Structures are given as structure tokens and as C-alpha cells.
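Hello,

Here is the structure we talked about handing over. Please have it open while you read; my notes follow directly below.

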Amino acid sequence: MTQIAANRPCASASIRTGNWFQRMLAAAHQRRELARLDDRALQDIGITRSEALTEASRPFWDAPETWRKRP
């Protein structure tokens, strides 16, 4: 007779959680890199030093809404 584990988490749920966590780590990394850009690079992307530092100081879980949506 086949048994089914009813309390076992769904694999797709853990994959989605892993993807979310990877996106949050990516946001944290990108913010650290943004803070390291020089003034010329910041000017190229159209933001000020103040805006870059404000963005870089945000916590990793404070990501754009589009990053928080799970497929």
C-alpha cells in the first residue's frame, strides 16, 4: 500500500522561498555596489550621491514590489 505524507512541504513552495531569498540577497549586493560607485558613474545612471546612499541604506528585505511578487 502506498503512503502519502500529508505534512510534507510542497517542493514548489520551498523553491519559491529560495528564489525570494536569492532576490533579496541580490538586492543587498546591488545596494552595496551602488554605494561604491563614484560620482561620474552615478551621474551616468542619473542619480545623486545622496540618492545612492539612501538606497544603499535600505534593509535587504525592503525590495521593490516587483521583486516581492512570487510566481
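R49 and D39 join their side chains in a salt bridge, with 3.1 Å from N to O. This is a predicted model. The pair links distant parts of the chain: R49 lies in helix α3, D39 in helix α2 (residues 39-45), and the two are ten residues apart. D39 is exposed, with a relative accessible area of 52%. R49 is partly exposed, at 29%.

How many salt bridges does the structure hold? The count is five.

Next, R31 and E55. Their side chains also meet in a salt bridge, at 2.9 Å from N to O. Here too, distant parts of the chain are linked: R31 sits in helix α1 (residues 11-36) and E55 in helix α3, 24 residues apart. Is R31 buried or exposed? R31 has a relative accessible area of 4%. The cut-off for buried is under 20%, so R31 counts as buried. E55 is partly exposed, with a relative accessible area of 27%.

E55 has another partner. R58 forms a salt bridge with E55, and the closest N and O atoms are 2.8 Å apart. R58 is partly exposed, with a relative accessible area of 27%. Which residues end up in one network? Salt bridges with shared partners join R31, E55, R58 and D62.

Now the aromatics. A search of the whole structure finds one aromatic pair. The partners are F60 and W61, with ring centres 5.3 Å apart. Their planes stand at 85°, and over 60 degrees counts as edge-to-face, so that is the class of this pair. W61 is exposed, with a relative accessible area of 53%. F60 is partly exposed, at 33% relative accessibility.

Last, P59. Where is P59 found? It is in the loop between α3 (49-56) and α4 (65-68). P59 is partly exposed, because its relative accessible area of 31% falls between the cut-offs of 20% and 50%. P59 and A27 are 32 residues apart in sequence, yet 9.1 Å apart in space, C-alpha to C-alpha.

If you look at one thing, take the network of R31, E55, R58 and D62. Within it, R31 is buried, whereas E55 and R58 are partly exposed.

Best wishes

Technical notes: Residues numbered from 1 in each chain as written. Predicted model: local features only at pLDDT ≥ 70, side-chain atom pairs only at ≥ 80, totals over all residues. Heavy atoms only, no water. Phe/Tyr/Trp six-rings, centres within 6.5 Å; stacked < 30°, edge-to-face > 60°. Buried < 20%, exposed > 50% of the residue type's maximum accessible area, 1.4 Å probe, protein only. Helix = DSSP H or I, 4+ residues; strand = E, 2+ residues; numbered from the N terminus. Salt bridge = Lys/Arg side-chain N within 4 Å of Asp/Glu carboxyl O.
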